[in-house]
Each structure stands twice: as structure tokens, then as C-alpha cells.
Amino acid sequence: MESLTKRILAIVLIAVIGVGIGVGAWIFLAAPEAAIKYPGAPSGFDKDNTIVIGCAGDTGEIQGDANYEGAYFACKHINEAGGVVINAITYYFGVTKEDTDESNPNLVPSRGVDAARRLIYDKEVDFAVGGFRSEALLAYIEEFMDAEMIFIGTGAATDIFCEKVNETYADYKWFFRFMPINSTALGGQILYTLADFILNINADYPNHDVKEIGILAEDLTWVTSLVGAIKDVLPLLTGGWATMLPEILYDISLSATDMNSHLADLQADGADIVIPVISAQGGILMMQQYALNEYDYLIFGIDVQSQLDTYWDDTGGDCVYETMMQTLYRCNKTSKSVAFWDAFIAQFGHEPLYIACGAYDAVSAIRDAVEDAQSLDPDLIIPVMESWDRSNPHLGVAGNAAWWPNTHDLVAGYPFGYTLWAQWQPGGTKAVVPALIYPDVGAYGNITTGDYVVAPWVHTEWS
Amino acid sequence: MEAEIINFLFNGTVNGAIFSLIALGYSLVYGVGHIMNLAHGAFFMLTGYMLLWFPSFLPEIPWLIATIVVIFVTIIGGLAYIILIKPLQDTSVGVVLITFGLAFFIQEYVFVLSGTTPYSVKEFKIIDGVTKIPSFSFINQFIFLIFASLIIVSVFALFISKSKLGKSIRAVSQDREAASLMGINTNRVLLYTLMISAFLASIAAVLYLPAAALNGPSMGWGYLTNSFAVVILGGMGSLVGSVVGAYIVGYVTSFTSIFIPNGPSWAHLVPIIIIVIMLLIRPQGIFGKKELR
Amino acid sequence: MLDIKKLYFYYGKAKALEEINLNLKEGALEAVIGPNGAGKSTLLRVISGLEEPDRGKIEFLGERIDDLKPHRIARKGIAHCPERRRLFFDMTVSENLDLGAYTLKDRSKFRELRKFVYEIFPRLKERRKQRAGTLSGGEQQMLAIARSLMSNPKLLLMDEPSLGLAPKIKETIFEAIDTIKKGGTTTLLVEQDAVLAMAVSEYVHVLEEGKIEMRGTKEELEKEPRIKQVYLGI
Amino acid sequence: MVKEKMKEKINNFPGYLKSWGTTFIGGLTILCLIILTVIPFLSNDLKYVYVFLPQFTLAMIFAIFAASWDLLTGISGQISFGHAIFFGVAGYICAYFIDYQGFPTWVAIVLGSLGAVFFGLLIGIPCLRLKGPYLALGTLAFSLILLKLFLQGSLAHIFFGSEGISGLPSLSDDPIIEYFIIFIFTIISFIVIIQISKSKLGTIFKSIRDDETGADASGINTTKYKVIAFMISAFFAGLAGTFYALYNTAVNPTGNFGTLNSFFAILMASLGGLTTITGAALGAFFFIFLEYILIEIGVIEIGNLIIDVSLWKFAIFALILIIVVRFAERGILRPILEHLKDLWDVLMGR
């Protein structure tokens, strides 16, 4: 008798668990349609009339959030302006995001692949923007290409992607790069700027030869070609004036003592200018030791973290006098730049990161391309986007976007894609300083917003 | 050349000072309880982030905050032992897994609160500024760190050799069973050991990080790897070995970074290579004895 | 003083101790003899809490101690001088003695005890600054005994004090045991060398394969032919 | 003689299978296999096929990996904290031969796995002298060295640098076919690993684990068998590594050599329960789907409190690990099986 009760109980239990799993699965399969919201799109708007932009980035981290903010902000502006009309039907824009976990030091590429698939097959996005870490993007880009979906890169600078477009156009034609310009072009702009800067500053100090150039870079793949180019070309560009010190390629897990020893090493070698090529945490260590020791050289180069407005506080003000490449700052880079900058700060309470500018421009460009093509079909949209060349650029907030034929890569150089050079100045403000690659006053007004300030201790030492 | 040698000596010494503080605690815990505490680096990292968080709700008196943080981390070390490690201490895989879990949890918790953005905590510097000589400038906080480390290590050595608790710690590390026969509560001693170890890691962070930076939630692992190298070099559980090993690792790292071509990118491989070489040649370390068990 | 009732202990599934009954009066010196692997050391390990018995009861001064941790038992006044000495080899002789007196709170008692053990083992006094690991085997054994005396124990458990020692040193050790007995410390001695054990103790238990096979006073046992043959070699 | 025995075995096999199928473990295994076989066909929904189903594929890849770790550590007692060495090396070799030499995918998979075996030999021999935590440290150190070497930009011309190798072909563009390829390989791998652990070889491994000096004394060449354990384990870890590379269509240093991978193997195997082998599969499925569920849940809003669960996913992960390790020392597979068996017995009316 007892065993029978037990038996019945067990069967009931299994039935309950079975039904539970079934219901769970049903809810899980049925839910996505109802549950997905697309921020930015007008509420209650039909999914069929919403163009959904998928943001692939690292949720909760600055780059991923910037990508989302930029895309969201663009959608908001587009929708406020009445959306886009295709064949007499009004479409609005919405955004959605997935976490690719790209900025995790222990990057696991399968997360990015998973996120990409979620965007494509779950959120059913129409276009995707994002990506900033090449290793991750290299893995998940394949998903978008397999799904024949237009993907606009907003953060990764490696040439590889556009080389792939060039080599196997049929497989990769859905990829476009909106931000930043590729690393080769970036290298060129850095080289010209630096060469000009070295010669100018040397002229300012008759009592001191500014000629010894050091490089401090993290030992990762993206820097190798850049560092190689600086080493080989900078002396030539300065007419043999600049001499290069042995470059320091450091392990990214370095400590403060290591950084101190590298900086002291550069000092001992007699460096006058040090070019950092840093994307990760090394920058803060560098500036901290630099400010503390007041080393007798200038820091002028790439430090991605330094582009953030929080960097001043993060370093406790030690980043003062650092000059770095920055895609956009509040200046008249294009006619839209200043207005965008202010509106962005009003919306989000902080400055837009370069990825945010890229995502904003990318989504705006998608809108224009869709309108021109009068279709959502990538095969019709791609030719429209390809038609934006140097004679017919697409006006954005971060520059005039024009693509080289076949590569879907940005054209570099004023007035198309170029980077600004900004310096942290006492008091925590940043100034766009004059550089060879752009005029002080451009087509839309003043580009530079201040003059370069030589760190006072260096000034004393040199004069 | 002169500047390079000073650079090498100074930074090597600073490395040694910081590694010795961190590795000492690690080695102590291993020696006493055969506990491989993978959360040791996380204690170091957590201290740094607490220095960052606490000023927002405590009065901004640096030394007070620093003291509270150190006490906090010490208590966390103790709790980690009582709640997590003690029930598993007989299985080496279990201890490793649980301490890894703890380290991973602390790391992710810090990540959720502060992300991977680096931060500065320089308001906790004890001595600001630098001391300049013609060819080199010494960071004062680092000079202080070197002396503080030497003092702490000496006090620690004195404590271990003279105090009653120190003697019981040594007794437990040499023969746990015999120690318990003497009436020593071995688990209690292990608890104190873990707290001391967390305390040392925490002190190291308080002394060092203000002159450095919080380099993201995963920065603890590098110090843990260095601790491995140090204790493998000096001999697992040998305290003298830990200190000597720490300075050796410190100088070798610094030497590689300064004098070897392309050294900076190899400098962090050096401790790991030391681990492998020592394990293959002399697993018991320079000062260690062959394990009897 | 010590009362063991129906004690069972298993190593995994192997029976190590089976129905041990043992009663020790205050001030007595009793010995447990038996061949290698009979479970003599295990018995002491169970008493001092290093192993937890599977069944049975151990009472010390009327209190149950079989479920206590070793350090608690040590604090109750049971000192265990373990097999193979188990000294703290990296520490000096005097540090070993300090640790022996770990549970002792009274400083004057400590000094008194130290004087006492240095009297029994003058060699230790000479070598008090030396590391225990550098001592000779006999000296190590002396230190082990001295160390267990330092806690001023009510009951001393002594495990194979003669193991691996030269005959001459064995004698010294057993003279010391005799002195300790005269000092009034209750002692349970486990020893393989039956001749020596029986020479000092009043009452002897014979442990074979985990069971107490025989017991009696020295005189009683000496009459047993099996004891004569196997243990005394007569 | 041997042939006849084999023949007899083969002839008896259907009967054996039938009787095995009615036992509890056999029935459960067959049930699981049936479920795993029908799962791909349950829905045509794109999300189901492209997002949900690949989680199974991924879980199976990690199940092979974790099982290989269990073979080395659980069965043979050689504690490895650097299993990512084999996982990563095989992935890289496979990727290299496909991308740079144009080899067919399957040849590259075989080469990758064999490369891992070679590394098993390479790591196994020097690590022979080490025991327990020292061995753990040694293997960990080896994996860290490889990770750093592959990460260095200045060595990119040898080790492909931080960006690794990308643009590999998938096993199949159709997730269902990919699923079944991995499924078949998982079954084969598990059968082989379980058979090894039950065979004479497995007995030798276990005897080395339980008492190395004893095994040595009874005439077992422990050195040889330890290296064999390393090599077999490395083969399966390598197989999983090549599949993982093809699943991602790319390899990079942290993704393939990352210390986290080694720990994943340990976590999964010990969650399921050491030495059970099948526990590794349970652990792999548990962790992969835990992550999946946390991402699915996404943002929770409780009043004013907004918690992004997907941000907390690793913290929750770690917490679960701590709880499981702390309170379920034997892993969760055996207790679950025991309870299920009770239920089964009740259902069968026993």
C-alpha cells in the first residue's frame, strides 16, 4: 500500500516536472516576440515598421556602452525628425544590444559569437554596429557575414577586416568601417603630426636639441606595424633630424615599478619626446609616474584611456600635459560636431567616446542609405554606401565619411577621416592643439581650441 | 650606464620589497596548512579597491581609512578560512577550487562595482614627491616602502621566532599532529595564519598602490603568480626563503626589463620560467627541505 | 583515572582495535606490549584524540573524552609522547620544551618542570640551544619525553620510547621512566621490548591483532609459557 | 582464440545492450541520448536553432574537455591546472593548417589533436617528477608561458600575436549538422574515455593515483603509464580544442590558452564529481546553461533597484562554484543519480 502511494507520488512529481519544463520551454520560445523592446523607437510602434540596430559591444564597459549610447542617440534624433520613409511607409529606428564581453582581459570568443547570433536570430536586427577589440570581432564578424547583414565597425582599427573585403568581396561585402580610420592611415597621420611637432618644438628651444624620440608601447599585435612605421619613417620625415631610441614594448600586465623603470630608462637614454602607443591600463601608470618624477620629456602619442573625460579624475590629475590622438572633441570638425557634442553631454552627462561618435555616424548613415535605396535590402543599400566616395562624402559628426572603392574602408586625411590631437591642460580641461594634418581653421570654423603647452619642468630644462 | 644600474637596483629592490610582503603571507599559509591560497592576490587587489570605495562614506582621513581597510581585509581572510577553507583543508583540490572560487568572486564583484577602468588612489600616499639625484629620481613612497617592508619583515621574523603564537605557528607547520598533542588548537593557528597572511597582503597594497594604480580587477593574479615564483624559488613554506626569493625575483625581473633586448615584454615571463626551472631542477626550492610526505 | 570501555576502531574497513577494556589507576605505570602492527600505537592515538573511535567509551577523571579534539584532550592533562618522537626538528631544544608547556599558564611551575627535566636528562641542558634535528637518536627521545613532561601531565602516554636506540641508551631512557614514575605521574607505556617494559611496569596488557589477549602483573605473566616464548625469549 | 572471443562478444552485444538498457544507468543514458537526438528538431524558430542549440554544441565541446581532465586528474591522479595547453595548442595547430596551409578541415582536426598528444608527451615527461600541488603549479606555469608567448605582439610573426588566427570555416554552416557532428564525437569520446577508465589501463592509472610507490613496487612502470595518461588526456583535450576553434571560427591567445579554460575544465569536472567522467558532461551543461540563463534573464527591476544579471553572471558563477565545492564535495552527479535511482526503483515498483 505504502509503495503504491510512493509510486503515485513519484509519477505525479515527474508529471509536474515535465509539465513545468514544457511550460517553461513554451514561454521561452513564445516570449521573445512579446518581450523585446527596442529603446529609441516610439512606444507601441509595430516591429515591422521599426528598423532595428543591433549594438555588439561590451555591456557595462566604456566602449560597449559608448557604442550603444551613440546608436541610441542617433535613433532618437532620426525618430524625432520623423524617421525614414520607404515606399510611402514611415519607418522608425530602434536599438538593442548584446554583450560580447570584449573588454574582458580573459577574452572568450564564443561569447561574442553567441552575442552576434542573439542579435541576428533572436532580436532580429536589421543592421548591426559595434566591435572594438579585433580578436573578438574577428570571431563574431563571421556570423554577420554568414547572415548577410550589414555590419558597421565602430571601434576596431585593424586593417584585416577591410583587407578581407578587398580579397573576398563576395564573402565580406557587408562589412563597413566607420570608426576609426585604419591603423595604416592612423600611422601616417601620427607620423606627419609627430614629424611636424618635433621640428616646430625644436625651433622653439634654441638651447636644446629636441631629437631623441622614444617609443613606449604595449606588446600587442595592433602596435607592431605602427611602431615599426614610426621607427622607420619618422627620421626620414624629419629630414634625418629625429633619432629613435630603442623602443620599449612592455607586457600588458606590467606593474608600477616596471613602468617607472621604463620611464627612467627613457630619461637615462636622453629622450626628448616619448610616443606612447597604449590602449589598455598602462596609460594611467605611465602618467602617474611621469607626473611624479617630472621626467624631462614630452608625452605625445596614443593613449586610448586618456580620451575619456573621467581620465583626469582617474589619474588624480596626473595626466596633465599628456597629448594624445582623439577622434572628436568639442570643436568644429564638421558643421554638426559642436551641436552633437553638447547634445550628447546634455543627454548622457558625459563626453562621447570615439566609438559613440562612430556609432552615431553609422546609424545616421544607415538611415540616409536606406532612404536613398528605398529598401531594406542589403544588396540595394551597399551600392548606395559605396557611392559615398571622396567626391560625394557622407557628412557626419566625426568627419566626412568617404570610402575607398572595394575595401569599404574610410578615406583618411582632411577633410575626410582624420584624428584630432588633444592635450590635457592644467585645471582638467582638454584643448585641441594645432597639428599638421588639419588646419587651425577648417571649412566649418575653428578646429583648434588652444595652444600646445610644454610641461613647465621640461620648459625649464630645455630653455 | 650608471643611471641604468641605479634604475635596476632601485626598481629591483622595490619589487623585492613588495614581493616579499605578499609572498611571505602566501608561503606562511602554505607552510602551516599546506593550503594553496589562490585568493591571496585577490586580497591585495581588494585592498586597493576598498581604498577607492571607502572615502565615499567614511571621513576622509587617509590613515584612518587605510587602517579600517587593512582590518577589513584581515577579517575577510579570517572569514574565508572559517567559512570556506577549514571544512575542505584535507583535500588539496578542494582548497584550490574554493580559493579560486573566492578569488574569482572578489574579482567579479569588484568588476561589477568598478569595471575595468584603472583608478588612482594617490591620496593615500604616505610621503609624496621624489628625491632627485643627477642621474635618477627616487619616488619617496617607494623608498618608504622599501624600509617599511624591511621593518615589517623583521618584526614578523621576530614575532614568528619569539612569540608564543609564532612558536605555535612554527610548530604546526613542522608537525601538525605533534602540535595538536601539545595542546595547540591547530585550526585556530591556521586561522591566525590566514589572517596574518591577508594582513600582509593588505599592508603591501596600502604601501604600494598609492604610488601605483588600480589596474583593473584582475591585477591580483600577477602578484599571485609572482608569489608562486617566490615560494617555489625559496622553498614552499620557508620564510627566509620567501624573503630571499622575493628579492631574487625582483632583481631578475628588473634586470630583464632593463638590460635584456626586448626585455620589457619578457620581464613577466621570467617569474614563470623560474617556477618551471625550479620545479624541474629543485622542487623543494633553495631553502626548502625535501617534503617528507 | 583512565577508563576505556568496549572500544572499537577501524581503519577504513580493516579492524584495528576490537573491544578494548582498560582501566588505569592514579599513579600507576602500566604497559601495553605486543608485536608490530598489533594496534598498540593506534590505541594511544585513539586515547589522545588523533583518531576518533568508532564505538566505545573513554573516560578520563570521570569525563568522557572520546569525542574531543586532540588539543582539548591535551589541555585536560594527557600528554602523548608519540611514536618516532615527532619533534619540531627545526626548533631548538628549549623551544621544543616551551611548546611542550604550551598549555601551562603558571611560569614558576614551568621553571620547576624545566629544572626537573634537565635533571633527569642533563644532556638536554647542555644542548638547549641546538636544533632538535641535529640531536642524536637517544637525545631526541630524551627530548620527546621531556617535552611531554613539560605540560605537567596527569597522564603520560608513551609510545615506543626505545625504538631504534642502542641498548645503553635504552637503559638511560628506562631509568628516566622509572624516575618519572617515582615522581607520581600516571603512565601508560606502549613498548615492543617486552623485557624492558615488564621491568618497569606493575601491570602489563598484551595486545595482539587489535585485541587484548592477556593481562596481569609482571609476576603473573612471567609464568605464562606463551609470553615466555614469544616476548621474553626464554 | 582472441578472434573467437571477439566474435562471441560481438554476437552477444545486442543481448548485452538489451540487458544494459533495462538497468538504471543504461536506461538513463539511453533516455539522455534520445533527448539529445530529438532536441535539434523541436523547433524551427531561428533563435532556437542559432542561439539555443549551439549552447548544446558548446556544452558538448567542453564536456569532452572536462572529461579529458577528469581522466588525467580524477582517474590517474595527476593534478593538472594547465589543461588549456592542450586545448589551445590543438586549436592553434588546426587553425594554422587550415588557414596557412590550406589543409582540409578534418585533416587539420587530426593534426591538431595529434599535436596536443605531442605536447602531452612534452609536458608529461618533465612533470613526472612532480607530485600534488607542485605538479599543479608546474602545469599552470607551462600554460602561462604559452599564453604569454602567444600574446606577445613582438613575436606575432611566430605565434600569430594577440589577434590569433581568424576566418576559419565552421564545421558546417547549419547549426544542426554542426550539432550532430559534435554530438557523435562526444559520444565516441565518452565511450572511449569510460572504457579506458574501466580497462586494465584504467586500473593501472587508478593504482598509480592511489599508491604510486605501491604500484611501482608491484612492477608497474609508473613513469610510462603517467606519460600515457598525459597523452591520452591531451588527445581528447586537443580534440575539444580543435572543435572549439572551429566553433568560434577563430583562435586567440586568451580564448584558447587562457587560464580560465583550465579552470573551466576543473570546475565542470568537479561539479559533476571527480572520477565519474560522465559528471564532466553534467558540469559542462550546467555551467554553459547557467550562463545562458543569466544572459536570458538580463536586467531585473525590483522597484528602484535595477540589476543587470548578465553583468553579475561571473560573480554568480563564482558563488555557485563556492557553494558547490563547499557543500557538495562529491560533486552533484552522484547524489542526483542516487535520488533518481530511488525514484526509478519506486516507479518500477521495487
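Trainee: How many residues of chain A are in contact with chain B?
Mentor: 34 residues of chain A touch 40 residues of chain B. Keep in mind that this is a predicted model.

Trainee: Okay, and how much area is buried between chain A and chain B?
Mentor: About 3000 Å², with carbon and sulfur atoms giving 48% of that.

Trainee: Which three residues supply more than any others on the chain A side?
Mentor: Thr257(A), Gln281(A) and Leu292(A). Those three account for 19% of the area that chain A buries against chain B.

Trainee: Which elements of chain A give two or more residues to the side that touches chain B?
Mentor: Strand E9 (248–250), helix H9 (256–268) and helix H10 (282–293) of chain A. The largest share is from H9(A), with 9 residues.

Trainee: Switching topic. What's the strand order in the open sheet of 6 strands in chain A?
Mentor: The order is E2-E3-E1-E4-E5-E6, and the pairing is mixed. At the edges sit strand E2 (84–86) and strand E6 (175–177), each pairing on one side only. On average, neighbouring strands in this sheet are turned by 30 degrees against each other, ignoring direction.

Trainee: Do E4 and E5 of chain A run parallel or antiparallel?
Mentor: Parallel: strand E4 (residues 127–130) and strand E5 (residues 151–153) of chain A are joined by 3 bridges. In that pair, Ala128(A) stands opposite Phe151(A) of E5(A).

Trainee: Where does helix H3 of chain A pack?
Mentor: Helix H3 (residues 109–122) lies on the sheet and touches strand E1 (50–57) and strand E3 (89–99) of chain A. The direction of H3 makes about 155 degrees with that of E3(A).

Trainee: Back to the whole assembly, which chains have the most contacts between them?
Mentor: Chains A and D, among the 4 pairs of chains that touch.

Trainee: How far apart are the closest C-alpha atoms of chain A and chain C?
Mentor: They lie 34 Å apart, and no contact joins those two chains. Chains C and D have no contact either, with closest C-alpha atoms 14 Å apart.

Technical notes:
Residues are numbered from 1 along each chain as its sequence is written. Chains are lettered from A and ligands numbered from 1 in the order in which they are written. This is a predicted model: local features need pLDDT of at least 70, side-chain atom pairs count only at pLDDT 80 or more; totals for chains, interfaces and linings use all residues. Side-chain values use heavy atoms; hydrogens and water are left out. Contact means heavy atoms within 4.5 Å. Buried area is the accessible area (1.4 Å probe) that two parts lose on being put together, summed over both. Helices (H or I, at least four residues) and strands (E, at least two) are DSSP runs, numbered from the N terminus. Two strands pair if DSSP finds at least two bridges between them. Axes are lines fitted to C-alpha atoms, for helices over the stretch in contact, and angles run from 0 to 180 degrees between N-to-C directions.
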